[in-house]
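Let's take a walk through this structure, one residue at a time. Have the viewer open and follow along.

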Amino acid sequence: MNFKRLDIPEVILCQPQVFGDDRGYFSETFKQQALDEFLGYNINFCQDNESKSGSGVLRGLHYQLPPFAQTKLVRVIKGRVLDVAVDIRKGSPTFGKHVAIELSETNKKQLLVPRGFAHGFVVLSEEAIFLYKVDNRYNPEYDRGIAFDDTALGIDWKIDKSHVQLSPKDLKQPLFEQAEVFDFGTDPYK
């Protein structure tokens, strides 16, 4: 597994090695020890989630507030998505900035989205199956979101807005300036 810090250094691109031949391929998609050594701290994932979505489905931008904040390790096993992480740690040098990476069944890339970031993705293929590990349980009372199309964030979702499909929940998300955010100086892992 190879790891790379992105423009927002807390967001990590994870690239597993793929060994293929005429029979197919093999890839080690997660190794706790390697991730912990790269990060310099331990993340204890407690749950794996999977979603299936059609073309244009946009899920996000979602996060949970402490004490139920979540780190996510996300990947695609079928199709293609544009995956986005937004820094929502007030006081951070990258507050309000984002990274966007295409994840696909072909490139096998994964994205580590730490606590203190809003996360979302849009399906760019006909269909996508999206997997993610989380390090904290879901708690609806602490669940929050931000409008995906807030111009203050400047996210290019690589899809015409008229083709975007949102849940009723995501249709009502507040703008970034109105969202509840994290404080950069506090530890989101406590």
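Tyr132 sits in strand β13, and keep in mind that this is a predicted model. If you leave out residues up to four places away in sequence, Tyr132 touches Gln47, Asp48, Asn49, Lys72, Leu73 and Val74.

Now for a bit of annotation. The unreviewed UniProt entry puts "active site" on His62 and Tyr132.

Beyond the residues up to four places away in sequence, the contacts of His62 include Lys72, Phe117, Ala118, His119 and Arg144. Gly145, Lys169, Asp170 and Gln173 are also among the residues that His62 touches.

Next, zoom out to the largest pocket, which holds about 410 Å³ of space. Its lining has 24 residues, and the closest to the centre are Arg59, His62, Lys72, Tyr132 and Lys169. Strand β6 gives the most to this lining, with 5 residues. At least two residues each come from β5 (47-54), β6 (58-64), β12 (117-123), β13 (127-134) and α2 (168-171). Sorted by class, the lining of the largest pocket comes to 9 nonpolar, 10 polar and 5 charged residues.

Note on methods:
Residues are numbered from 1 along each chain as its sequence is written. This is a predicted model: local features need pLDDT of at least 70, side-chain atom pairs count only at pLDDT 80 or more; totals for chains, interfaces and linings use all residues. Side-chain values use heavy atoms; hydrogens and water are left out. On a 1 Å grid over the protein atoms alone, a cavity is a set of points where a 1.4 Å probe fits but cannot get out, and a pocket is an open set with protein on both sides within 12 Å along at least five of seven lines; lining residues have an atom within 4 Å of a point. Grid points are joined across faces, edges and corners, and a volume is the space filled by probe spheres set on the points. Helices (H or I, at least four residues) and strands (E, at least two) are DSSP runs, numbered from the N terminus. Ala, Val, Leu, Ile, Met, Phe, Trp, Tyr, Cys and Pro count as nonpolar, Asp, Glu, Lys and Arg as charged, and the others, Gly among them, as polar. UniProt positions are given in the numbering used here, feature names are shortened, and annotations may be inferred rather than shown by experiment. Contact means heavy atoms within 4.5 Å.
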